[in-house]
Amino acid sequence: MAGQHRTTPDEPRAMRRRRFLGYLLAAPTLAVAARIGTDTLSPATAGAAIPSPPEPADLLDLGDALTMAAAPTSGLIAIQVNKDGTASFAVPRAEVGQGITTTVAMLIAEEMDLPLDKVVIGLADARPELLFNQLTGGSNSVRSIYGPVRTAAAIARSRLLSTAAAKWNVPVSSLTVHNGVISSASGLQATYGSLAEAAASSRTEQVTAQPKTKTAFKLVGTPQTRIDARDAVTGRKRFTMDLQVPGAKPTMVCRPPTINGTVKSVGNLAAVKAMPGITDVAIVSTGVAVRGETFGQCIDAVRALQVNWGPGTVDGESDQTVLAKLKAATLPMAVPPVLTSSLDAEFVFAFASNSALETNCAIADVRPGSAEIWAGLKSPITTQEQLAVNLGLPVSAVKVHVVTGGGSFGRKLFGDAALEAAEISRKIGKPVKLMWHRTDDSRHGRTHPMSISRVRVNYALGNVVSYEQRHTSATTDFGHGLGEILTSVAAKLPVGDLGFSETVFSLSQSVPYDFGVTTQLLNEVPLKFHTGSMRNVYSPNVVCARELVVDQLAAKMGKDPLAFRRSFMKNDRYRAVLDAVAKAGNWGKAMPAGTAQGIGFHSEYKSCSAVLVEIDCRPETVNRKIPNGVAGPRVTKAIMAVDVGLPINPRGLEAQMIGCVNDGIALALTSSLHIDKGLPLEGSWDNYFYTRQWNTPPEMKIIVMPANGEPGGAGELGVAGSLAAVACAYGRATGKTPTRFPINHDTLGFEPKPRIPPIPQSPVDGLDHTY
């Protein structure tokens, strides 16, 4: 099996130039495919006085596991060369704004010597035969398909060249390609399109090809505008709610006042069904569904419903009760402070929302014996399997179309809307166009669970002897397919017999400092909230706690925070990004009282980033008048340096990192859910305080480090370091280390929206469900 291979400077030249296996597929025009292999893993050597042994993520990280699981079905991914000279490819990943379609188009254009606008990229429907090769997450997409896409494109180019050479009876070596046109030394020319049929194979056969060396790249590594940018800004880009599926009418759901509440009865079903425009009203597992001619009519109907609700699964829970359960479940530290000084710290992180721009939505047309679904899905195969089970249909009878998503940040790993839309469509026997209200998404959508991180560090004689971190969280739901992937490669993972969450934690968390004996453990409390992965999953909270402790350690040892980090870093690559932000941000400059710089570092996905921010915590800033009465510190400057190995599209990478910085600021200062009586109080963006214009830094710079090996992960890379940098800056500006996040969680002021329409209802099961 051939495919992607990580090279090292000491690797023999013959190995670095080896050829890659692929396939010519039987097709009317040229079609080629390639296989994915696994990376060669080589942990860096530690160099501090008390080196830390490799952690599991240093040996084989989550991205390696995902790539390993995808390898057996990689030959089913193909590039098609068309008669019009274009090359088309259906990406087996979701486009949710991260720019994966542009990245793949650049790789194909590079290898085939095609103009970028001659590469047509779509999204593959759910294909169960791909098994674990169609999940978008863990910043793994580019890492896993970089080799296969290049190989397939190289095979296509080679086949077209050999076809032209045979046609003209000349050596292949005498031909050149420019912008999809093959030319001979004698002046003969042929476009790819004119050769597409002749180059096609009547049978599937194995072939080899040699992708370009990195030194030959002309397009890869250069900043490119996204291929869908014009459509996005002109309104031509189509998302799920833009699709016109025959017969699919607007549909919404009246949801319970607590999470997972159930419908006991509805007092006015007939009256609501008789409302203007309403075609159907039906009780479903998640509430009461209404279908109408317009979404406005559906909203009116939802508000008019008189529902007697049964209890939910977390009715008695609040921020305080969850926090108490997490504290009680925290695992003990193992290393006592013997002949050393000790530093202990505890940090609390509130529930948070993915808060994607596009609310949860899907279109479903379920008929006797078949179903067809349209939705933005990052795990379409798992959703397809769940739909088949719920509908009592074979998987082959359920067609799932993956639609471009309007943001995700982990939310679209779950097919909740698709499952709900299918249930409604089956119940009423008609196609539906389901959209969740923004309040539904805030309150009944997926949340990033509350967590506690406790850290103990033992140190002596200028060295860190041991570092222990115990992270405790409400359970994170990995039922979107990732658990199945990890199970498939469990025997090859360096983590032993762990559950899904603990495995993800172990394969993603690695301390970048030589801190002696190092352990990081996760424990989760099984609370039945709707939880899920949020951008960077465990890392933002874990890294924020660690970097705050690093600042405290530096102070206790009388060292500058930057110099302290540099002295304990495991390798020069990490130090390079630190040095880059320190230089660009003028680290250590004099600043007014109440303001300060902060720095944070994070390594994951075979990539690393450092962030330097400046924060203003002066009273006139904190107490300023702003919308909704929310006040607080303002980040005035942010600089990030990012090393992702090979930055395929630096412009796209820069955009992703700007988003990561804003995520980090939000998580540090304002972005959280307040749980009360089993439901988040936040009902929309007017009281879910993501980063706003008033606390977004007017000065921001992203430094993309020079190419350094194979592509690493990027999409989630900058969140953890950004949160940590803001937290550290706040601590230095105020003289007090923050321990609860977001910092403004307890001071945010807003009037919660009603839990349900203010219609009189009866108490049930001893609980007052009148809100």
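Modeller: Here is a chat about some terms and the values behind them.

Modeller: This is a predicted model, so local features need pLDDT of at least 70 and side-chain atom pairs count only at pLDDT 80 or more, while totals for chains, interfaces and linings use all residues. Residues are numbered from 1 along each chain as its sequence is written, and side-chain values use heavy atoms, with hydrogens and water left out.

Colleague: How many helices and strands does the protein chain come to, and what makes something a helix or a strand?

Modeller: There are 21 helices and 31 strands in the protein chain. Both are DSSP runs numbered from the N terminus: helices are H or I with at least four residues, and strands are E with at least two.

Colleague: Which residues does Leu548 touch?

Modeller: Contact means heavy atoms within 4.5 Å. Not counting residues up to four places away in sequence, Leu548 touches Phe347, Ala727, Cys728, Thr737, Pro738 and Phe741. Leu548 and Ala345 are also worth a look: they are 203 residues apart in sequence, with a C-alpha to C-alpha distance of 9.2 Å. For the protein chain, 79% of the contacts with a separation of 6 or more are between residues 24 or more positions apart.

Colleague: What about Ser442: buried or exposed?

Modeller: Its relative accessibility is 8%, so Ser442 counts as buried. Ser442 sits in helix H13, residues 438-444. Leaving aside neighbours within four places in sequence, Ser442 is in contact with Leu673, Pro680, Glu682, Gly683 and Ser684.

Colleague: How do you know whether H16 and H17 are roughly parallel or roughly perpendicular?

Modeller: Axes are lines fitted to C-alpha atoms, for helices over the stretch in contact, and angles run from 0 to 180 degrees between N-to-C directions. Under 35 degrees counts as roughly parallel, over 145 as roughly antiparallel, 65 to 115 as roughly perpendicular, and the rest as oblique. The axes of H16 (residues 539-556) and H17 (residues 561-568) cross at roughly 105° and come within 9 Å. H16 and H17 are therefore roughly perpendicular to each other. On the H16 side, the contact is made by Glu547, Val550, Asp551, Leu553 and Ala554, and on the H17 side by Pro561, Phe564 and Arg565.

Colleague: What classes of residue make up the contact of H16 with H17?

Modeller: Five are nonpolar, none polar and three charged. Ala, Val, Leu, Ile, Met, Phe, Trp, Tyr, Cys and Pro count as nonpolar, Asp, Glu, Lys and Arg as charged, and the others, Gly among them, as polar.

Colleague: And what makes H11 roughly parallel to H12?

Modeller: H11 (residues 380-391) and H12 (residues 416-428) pack at an angle of about 25°, with axes 10 Å apart. That angle makes H11 roughly parallel to H12. In this pair, Thr383, Gln386, Leu387, Asn390 and Leu391 in H11 meet Ala418, Leu419, Ala422 and Arg426 in H12. By class, the contact of H11 with H12 has five nonpolar, three polar and one charged.

Colleague: How are H5 and H6 placed, roughly parallel or roughly perpendicular?

Modeller: H5 (residues 141-168) and H6 (residues 192-199) pack at about 85°, and their axes are 9 Å apart. So H5 and H6 are roughly perpendicular to each other.

Colleague: Why are Asn260 and Asn586 called partly exposed?

Modeller: Asn260 has 30% relative accessibility, so it counts as partly exposed. At 45% relative accessibility, Asn586 counts as partly exposed too. Asn260 lies in the loop between strand S10 (249-254) and strand S11 (263-266), and Asn586 in the loop between helix H18 (572-584) and strand S25 (595-604).

Colleague: What is the phi of Asn260, and of Asn586?

Modeller: Phi is near 65° for Asn260 and about 55° for Asn586. Most residues other than glycine have a negative phi, and most peptide bonds are trans.

Colleague: Where is there a cis peptide bond?

Modeller: Phe741 and Pro742 are joined by one, with omega about 0°. Pro742 is in the segment after strand S31 (740-741).

Note on methods. Buried < 20%, exposed > 50% of the residue type's maximum accessible area, 1.4 Å probe, protein only.
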